[in-house]
Amino acid sequence: MNSGNLLNAKVLMLNQNYEPLSICTVKKAIILIIREKAQIIVVNTQKVVNTINKNFPFPSVIRLNNYITRPYKKVILSRKNILRRDGYKCAYCGRSDLPLTIDHIVPKSKGGEDVWENMVTACLPCNNKKGDRTLHEANLILKINPYRPNHIMFIMNNFGRINELWKPYLFNK
């Protein structure tokens, strides 16, 4: 990888409170670090940024020194976004080669709501098997834990797979 590509590598930027804020380039991250506006939280030990005067650890995750107030970036609850969150796989059987739909874990007829934590991707056979019943009644088990995604998860869809070093900062425990 030449130095131009190296400086365009992606870095996860956290707010002062460790909340994911955005994704920037290594070049932007190094500038923020030099200007003492950010600090490196996680280093990619496989790489180094060399300059004329100094060598810098290769940042993978940085944290801003001052809290930035930004409007809350809420991910809209939609069929498309549920499919994206669940990786276009059935939450019950894990298949992705069949037509997919959205299922309410707790059926609406039994008080289930239209919320992230109650909606999953389901293939048609599993959705038909479950019908208007609870998981227990239909004898089904979820292979995933449905959650409300943050906006960084959806930014990541533009970059491909998620950097393993970022996972502790992106996923709620």
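This note goes through a predicted model point by point, from overall shape to single residues.

1. Basis. The model is predicted: local features need pLDDT of at least 70, side-chain atom pairs count only at pLDDT 80 or more, and totals for chains, interfaces and linings use all residues. Residues are numbered from 1 along each chain as its sequence is written, and side-chain values use heavy atoms, with hydrogens and water left out.

2. Secondary structure. The protein has seven helices and six strands, where helices (H or I, at least four residues) and strands (E, at least two) are DSSP runs numbered from the N terminus. Read from the N terminus, the order of elements is α-β-β-α-β-β-α-β-β-α-α-α-α.

3. Overall dimensions. The radius of gyration of the protein is 20 Å, whereas a compact globule of 173 residues would have one near 16 Å. The radius is taken over C-alpha atoms, and the globule rule is 2.2 Å times the number of residues to the power 0.38. The C-alpha trace spans about 65 × 35 × 20 Å along its principal axes.

4. Buried residues make up 40% of the 173 in the protein; buried means under 20% relative accessible area, exposed over 50%, and partly exposed in between (1.4 Å probe, protein chains only). Of the contacts with a separation of 6 or more, 58% join residues 24 or more positions apart, a contact being heavy atoms within 4.5 Å.

5. Surface. The accessible surface comes to about 10,600 Å², and carbon and sulfur atoms hold 51% of that area. These areas come from the Shrake-Rupley method with a 1.4 Å probe; for residues, only the protein chains shown count as cover.

6. Charge. There are 27 positive and 11 negative side chains, and the centres of the two sets lie 10 Å apart. Lys and Arg count as positive and Asp and Glu as negative, while His and the chain ends are not counted. Each charge is placed at NZ of Lys, CZ of Arg, CG of Asp or CD of Glu.

7. Salt bridges. The structure holds six salt bridges, defined as a side-chain nitrogen of Lys or Arg within 4 Å of a carboxyl oxygen of Asp or Glu. One of them joins Asp-86 and Arg-85 at 2.7 Å, N to O. Asp-86 is buried at 9% relative accessible area, and Arg-85 is also buried at 9%. Another pairs Asp-97 with Arg-95, with the closest N and O atoms 2.8 Å apart. Here Asp-97 is exposed at 54% and Arg-95 partly exposed at 39%. In a further bridge, Glu-164 meets Lys-167 with the closest N and O atoms 3.0 Å apart; Lys-167 is partly exposed at 31%.

8. Positive phi. Glu-36 is not a glycine, yet has a positive phi of about 60°. Glu-36 sits in the loop between helix H2 (26-34) and strand E3 (38-50) and is exposed, with a relative accessible area of 66%. Asn-139 also has a positive phi without being a glycine, near 55°. Asn-139 lies in the loop between helix H5 (135-138) and helix H6 (151-156) and is exposed at 64% relative accessibility.

9. A buried loop residue. Asn-15 belongs to the loop between strand E1 (10-14) and strand E2 (20-25). Asn-15 is buried, with a relative accessible area of 1%. Not counting residues up to four places away in sequence, Asn-15 touches Leu-21, Arg-63, Leu-64, Asn-66, Tyr-67 and Ile-68.
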